[in-house]
Amino acid sequence: MSSSTTTQEQAQLVEASKRQAAYQAVKDYLLPEYTRIGIGSGSTVVYVVEAIAALGPSVTSKMAFYPTGSQSEELIEAAGLNLQYISKLPAGEQLDVAFDGADEVDEDLNLIKGGGACLWQEKIVATSAKRFVCVADFRKLSPRLGTAWKKGIPIEVLPMAAPRVLDELRRMGALEPRIRPGVPGKAGAIVTDNGLWIVDAPFLPLLLSKDTESGAQNEDREKGVWTVDALADRLIKIPGVAEIGLFYGSNGLQVASGAQKPVAAYFGMADGSVEVRTPSA
Ligand SMILES: O=C(CO)[C@H](O)[C@H](O)COP(=O)(O)O
């Protein structure tokens with residue numbers, strides 16, 4: 001078998017696993033009585049929208065779909081679903097459910113997101129939902145954030161503050177943080193849907209909070225060794241940082257908490273099965 005065939009087969013396997021996970025997540029979490037649905041960004045969400053559209057207008061015509069950026073806005077419209085905006089969601093009300101992908105998911109369901117530069121709106125939509133459901137393929141599952149996704153934690157920053165943010169990230173032990181370049185053929189930084197830039201900040205694999213709870217003393221921030229929660233709490237306070245691509249914190253039904261972690265993460269596996277992870281008690 002040639003290496004190009006192998007690469008093509010691997011790509012097909014990944015796409016099939018995303019699709020499997022998306023259809024299962026929609027089957028389990030899109031109840032017909034729901035009326036407000038959040039739609040995330042990325043290549044996996046394409047299959048989420050496909051699965052929703054396949055339910056037909058008898059189910060979907062009573063629903064409104066809230067995008068996390070220009071890509072998902074286009075997806076919703078192209079599928080003939082009703083587009084609505086989170087800015088129009090009345091104060092005190094919530095989405096019934098939101099579906100989104102992830103770049104990496106650890107065993108506590110902390111996420112790295114923002115590989116597609118949509119993290120700020122993604123976090124607003126996820127935390128506006130009673131139930132946030134993550135959909136991914138088998139490559140995204142890892143014991144600790146930073147193990148599989150080596151590109152770093154995406155951080156959305158005000159352009160004029162980017163050099164200061166990079167300085168601070170280096171002080172915190174980030175390994176060669178950098179401003180994400182634009183698409184090939186376009187000079188300069190990538191510009192988000194919010195007119196901001198993305199800094200990618202690689203850190204050593206992050207510790208789970210239970211590591212320190214159980215007495216492990218291996219957190220060493222100057223060397224870039226952090227727990228997820230401590231790093232996230234520190235990153236969001238850097239002046240010029242608008243939002244970070246760590247989704248972390250408490251688990252469970254999100255009704256009042258605005259939690260960032262999913263109530264369930266669906267992984268399409270290489271053998272064709274779907275693995276569902278839910279928060280441990
Ligand atoms: O956070 C995101 C975009 O900002 C995406 O959810 C993440 O990058 C996963 O994308 P894909 O489904 O293409 O692997």
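Author: Two residues are in contact if their C-beta atoms, placed from the backbone, lie within 7 Å. The model under discussion is a predicted one. Leaving aside neighbours within four places in sequence, Ala 25 is in contact with Val 48, Phe 99, Val 133, Val 135 and Tyr 266.

Reader: What makes the largest nonpolar core a core, and which residues touch the most other members?

Author: A nonpolar core is a set of buried residues of nonpolar types joined through C-beta atoms within 7 Å. The largest such set has 74 residues, of which Ala 25, Ile 39, Val 48, Val 133 and Val 135 touch the most other members. Helix H2 gives the most to this core, with seven residues. At least three residues come from each of domain 1 (3-142 + 248-277) and domain 2 (153-246). In soluble globular proteins, nonpolar side chains tend to be buried together.

Reader: Which way do the residues of E3 point?

Author: Val 97 and Phe 99 point one way from E3 (residues 97-100), while Ala 98 and Asp 100 point the other way, and all are buried. In a regular strand the side chains alternate between the two faces of the sheet.

Reader: What makes E4 and E11 edge strands?

Author: Strand E4 (104-105) and strand E11 (246-247) each pair on one side only. They belong to an open sheet of three strands in the order E4-E5-E11, with antiparallel pairing. Two bridges join E4 to strand E5 (residues 111-112), and at least two are needed for a pair. Glu 104 has Ile 112 in E5 as its bridge partner.

Reader: Why is helix H5 described as mostly covered?

Author: Seven of the nine residues of H5 are buried. A residue counts as buried if 20 or more other C-beta atoms lie within 10 Å of its own. The buried residues of H5 are Leu 119, Trp 120, Gln 121, Glu 122, Lys 123, Val 125 and Ala 126.

Reader: Where are the two domains placed relative to each other, and what forms their contact?

Author: The centres of domain 1 and domain 2, taken over C-alpha atoms, are separated by 24 Å. The contact takes 16 residues from each of the two domains. H5 gives the most to the side of domain 1 that touches domain 2, with four residues. By class, that side of domain 1 has six nonpolar, six polar and four charged residues.

Reader: Which residues surround the ligand?

Author: There are 17 residues around the ligand, the closest being Gly 42, Thr 44, Gly 101, Gly 115 and Gly 116. Helix H2 (43-53) and helix H5 (119-127) are the elements that give two or more residues to this shell. By class, the shell has four nonpolar, nine polar and four charged residues.

Methods:
Residues are numbered from 1 along each chain as its sequence is written. This is a predicted model: local features need pLDDT of at least 70, side-chain atom pairs count only at pLDDT 80 or more; totals for chains, interfaces and linings use all residues. A residue is near a molecule or strand if its C-beta atom, placed from the backbone, lies within 6 Å of it. Ala, Val, Leu, Ile, Met, Phe, Trp, Tyr, Cys and Pro count as nonpolar, Asp, Glu, Lys and Arg as charged, and the others, Gly among them, as polar. A residue is buried if 20 or more other C-beta atoms lie within 10 Å of its own, exposed if 12 or fewer, and partly exposed in between; C-beta atoms are placed from the backbone. Domain bounds come from an automatic or database domain assignment.
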